[in-house]
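Have the model open while you read.

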Amino acid sequence: MEKPTPNYLAREADENGRIDYPPAEHAVWHDLIVRQQANLPGRACQEYLDGLAKLQLPHDRIPQLPDIDAVLQAATGWRTAAVPALISFGRFFGLLADKAFPVATFIRRREDFDYIQEPDIFHEIAGHCPLLTHPAFAAFNETYGRLGLAADKEERVFLARLYWFTIEFGLVGSMPENRRIYGGGILSSPSETEYALSGRPEYRAFDIGDVLRTPYRIDRIQPIYYVIDNIDQLFTVAESDIMGHVRRAMRQGLFAPHPSLLDKQAV
């Protein structure tokens, strides 16, 4: 997260916070959201679907951040913050602590349609913002930001795994027939939305100590998902001694990476 990628450049907003995207980029948004929303029934958790209904995301154009802010502010007091493609960890944590969710103002190219390593506007808006209307999800993000600001470099590496296996790639529902997706990294990836509940990955009950010790990679479909019982469990996690768990995990060390991750270093 330290250096901007040369592959994508964020677009600048005008004095009213609005961005003039070209028609080709609106077309990418349209195709992404139409395909993705067809995948959501029976896969996305109800809290996400409720938030999506509140946002009323357009299909014909990329939404403007002030319009998203109006909904988030009314629901949980959050807002968005336009950022470049990648930002420093310090700025990321600081924004979350201030109840501002970073949104990179570019959209993926068609060759990155199914999955993109850089967090684009579709990932942030369609993947995360619906659940930012939910108090537990919002509170977890704020707590995570405050902890990250106070953490040292090594602690932040362990904290990143907590974010990865919850906000980005989390599942909810302990029984397989009731299992749904809440992680934005899944919900903004059409292919991973289909894969996540297919029975092919490994599903583990959420345990914060285990989560903090589980290596992952950002460049492929996840082989392991952690499953919380319900969205309100994020309140419980946020109120727990997260940094105590981080220090314990640092002493214990990481689990062995999943075999599918071994051809390149996992984090």
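1. First, the term for the charged pairs: a salt bridge here is a side-chain nitrogen of Lys or Arg within 4 Å of a carboxyl oxygen of Asp or Glu. Keep in mind that this is a predicted model, where local features need pLDDT of at least 70, side-chain atom pairs count only at pLDDT 80 or more, and totals for chains, interfaces and linings use all residues. Residues are numbered from 1 along each chain as its sequence is written, and side-chain values use heavy atoms, with hydrogens and water left out.

2. How many salt bridges turn up in the whole structure? The search gives nine. Take Glu 25 and Arg 11, whose side chains meet at 2.9 Å, N to O. This pair links distant parts of the chain, 14 residues apart: Glu 25 belongs to helix α1 (residues 23-39) and Arg 11 to the segment before α1. (Helices, H or I of at least four residues, and strands, E of at least two, are DSSP runs numbered from the N terminus.)

3. Buried or exposed, what is Glu 25? Glu 25 is buried at 17% relative accessible area, while Arg 11 is partly exposed at 34%. The cut-offs are under 20% for buried, over 50% for exposed and in between for partly exposed (1.4 Å probe, protein chains only).

4. Arg 110 sits in the loop between β2 (100-104) and α5 (121-128) and Asp 31 in helix α1, so the pair ties together parts 79 residues apart in sequence. Arg 110 is partly exposed at 44%, as is Asp 31 at 28%.

5. Then look at Arg 79 and Asp 98, a salt bridge with its closest N and O atoms 2.8 Å apart. Arg 79 is in strand β1 (residues 79-83) and Asp 98 in the loop between α4 (89-97) and β2, 19 residues away. Relative accessibility is 30% for Arg 79 and 46% for Asp 98.

6. Now the second largest pocket, with about 160 Å³ of space. (A pocket is an open set of points on a 1 Å grid over the protein atoms alone, where a 1.4 Å probe fits, with protein on both sides within 12 Å along at least five of seven lines; lining residues have an atom within 4 Å of a point. Volume is the space filled by probe spheres set on the points.) Its lining includes Arg 11, Glu 25 and Arg 110.
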